[in-house]
Amino acid sequence: MQETIEYSDLDDALRRCGATWNAAQAHGLLCGRLCLPGGASVRETVRQWLATVQDGVVAGSAECAALLESASTTMLRQLAERQSQFAPLLPADPCTVVLRTEALSHWCEGFLHGLVSGKQAPAVRARLAAQPLADIIRDMLEITRAAVDEQADEETNEEAYVELVEYIRVAAQLAYEELAEFRPAGSEFAADVLHSRQQ
């Protein structure tokens, strides 16, 4: 299975098979769910994510599944091994800053949905309401409404976009670390999942 995937490959595959999730939303959803699986194992969390994203697909499900599996394997490795190259899955630079900003807002939508949906223990709710997670959630909620400043020049909008992407990259990793104690199996299980997929 390939190590990484391109945003356009996954997004096109999801569109072809009739999925209601785009690539950015799906990737953000997985990241949020991996931060806080809600009592499920990492393996079960990934299975549930695959089922959610592929719910209602009408064609090309095998292609979608393969690309989604690749995305999940890469993210598991990056988060579990604390790799600095973790990044939200977003369109490449040749796409306009408008499209990339829209995808970034979708990624944050998926992340927040994965992070705060479902039943949570009181201790988890308290942690999510405390710093720094409360700020991260609030900031990502703001980014879901992000739009390009039509009055600003292209360079200014590019700089703002790059800053937002870097913030999201670091914030997602921080959320993963902050919630480590609530994950039942922790990073050792994640590493075990990765090992089993490589065999």
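Me: Are H2 and H5 roughly parallel or roughly antiparallel to each other?
Reply: In this predicted model, H2 and H5 pack at an angle of about 30°, with axes 6 Å apart. Axes are lines fitted to C-alpha atoms, for helices over the stretch in contact (heavy atoms within 4.5 Å), and angles run from 0 to 180 degrees between N-to-C directions. Angles under 35 degrees count as roughly parallel, over 145 as roughly antiparallel, 65 to 115 as roughly perpendicular and the rest as oblique. H2 and H5 are therefore roughly parallel.

Me: How do H5 and H8 lie to each other?
Reply: Helices are DSSP runs (H or I, at least four residues), numbered from the N terminus. H5 and H8 pack at about 20°, with their axes 10 Å apart. These two helices are therefore roughly parallel.

Me: Which residues of H5 make the contact with H8?
Reply: On the H8 side, the residues are Asn157, Glu158, Tyr161, Leu164, Val165, Ile168, Ala172 and Ala175. From H5 come Val97, Arg100, Thr101, Leu104, Trp107, Cys108 and Phe111.

Me: Which residues does Met140 contact, leaving aside its neighbours within four places in sequence?
Reply: Residues are numbered from 1 along each chain as its sequence is written. Local features need pLDDT of at least 70, side-chain atom pairs count only at pLDDT 80 or more, totals for chains, interfaces and linings use all residues, and side-chain values use heavy atoms, without hydrogens and water. With those neighbours left aside, Met140 contacts Trp107, Cys108, Phe111, Leu112, Ile168, Ala171 and Ala172.
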